[in-house]
Amino acid sequence: LGMAKTLKVGQNYAGIVLSSEAQTVISREDLETVRVHGVGGVNCSWNQLDKVPSRKLGRARLHRILPYMVAANPVNYGRPFKMNTAEAMAASL
C-alpha cells in the first residue's frame, strides 16, 4: 500500500517519532505533522532499545511518548507502556 517505509538511523525524517525517552506526550497538536509527514517508531525488542541511538532518529523536538496505555500483545500483556511497534503506531493515530 505504500503507507510504510524503512528509514536508516540518521536519515532525515520530518514526522513524529515515537520514543519511550521523549518528554512530550503525543496529542492533537501533532495531527498536522502526522498527516503531512507521518509517524515513525523503532521496531526492535525492548531488551535492545538501549542500543538504539534515539538522538539520531528524526528531529528531537518531534519525539513523542504515548500517554498511559497497557499492552495487549502476548509478550507484554497487561504491562503499562510495553506495547509493540504495531500497537504504538495504531495508538498514535
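Phe-81 is located in the loop between S3 and H2, where helices (H or I, at least four residues) and strands (E, at least two) are DSSP runs numbered from the N terminus. The model is a predicted one, in which local features need pLDDT of at least 70 and side-chain atom pairs count only at pLDDT 80 or more, whereas totals for chains, interfaces and linings use all residues. Residues are numbered from 1 along each chain as its sequence is written, and side-chain values rest on heavy atoms, with hydrogens and water left out.

With a relative accessibility of 38%, Phe-81 counts as partly exposed, a class that falls between buried (under 20% relative accessible area) and exposed (over 50%), using a 1.4 Å probe and protein chains only. The backbone of Phe-81 has a phi near 65 degrees, which is a positive value in a residue other than glycine. Together with Tyr-68 and Val-70, Phe-81 makes a nonpolar surface patch of about 320 Å²; such a patch takes residues with over 30% relative accessible area and no salt bridge, joining nonpolar side chains within 5 Å and like charges within 9 Å.

**The chain as a whole**

The protein chain contains 2 helices and 3 strands, and when read along the sequence these elements follow the pattern β-α-β-β-α. The C-alpha atoms of the chain fill a box of roughly 35 × 30 × 30 Å, taken along the principal axes. Of the 93 residues in the chain, 30% are buried.

The accessible surface of the protein chain comes to about 6800 Å² (Shrake-Rupley method, 1.4 Å probe), and carbon and sulfur atoms account for 53% of that surface. Where contacts (heavy atoms within 4.5 Å) are counted between residues at least 6 apart in sequence, 59% of them join residues at least 24 apart.

**The salt bridge**

How many salt bridges does a search of the whole structure find? The search finds 1, with the term meaning a side-chain nitrogen of Lys or Arg within 4 Å of a carboxyl oxygen of Asp or Glu. It is formed by the side chains of Arg-64 and Asp-30, with an N to O distance of 3.0 Å. Arg-64 belongs to strand S3, while Asp-30 sits in the loop between strand S1 (16-18) and helix H1 (31-37), so the pair ties together parts that are 34 residues apart in sequence. Both partners, Arg-64 and Asp-30, are buried.

Leaving aside neighbours within four places in sequence, Leu-66 is in contact with Leu-18, Val-25, Ile-26, Phe-81, Met-83, Ala-88, Ala-91 and Ser-92.

When residues up to four places away in sequence are not counted, Asn-73 touches Lys-82, Met-83, Asn-84 and Glu-87.

**Partly exposed residues in other loops**

Ser-20 lies in the loop between S1 and H1 and, at 39% relative accessibility, counts as partly exposed. Its C-alpha atom is 8.2 Å from that of Phe-81, although the two residues are 61 residues apart along the chain.

Arg-59 has its place in the loop between strand S2 (39-40) and S3, and a relative accessibility of 33% makes Arg-59 partly exposed. Which residues does Arg-59 contact, leaving aside its neighbours within four places in sequence? They are Asn-12, Tyr-13 and Ala-14. The C-alpha atoms of Arg-59 and Gly-10 are separated by 9.8 Å, with the two residues 49 residues apart along the chain.
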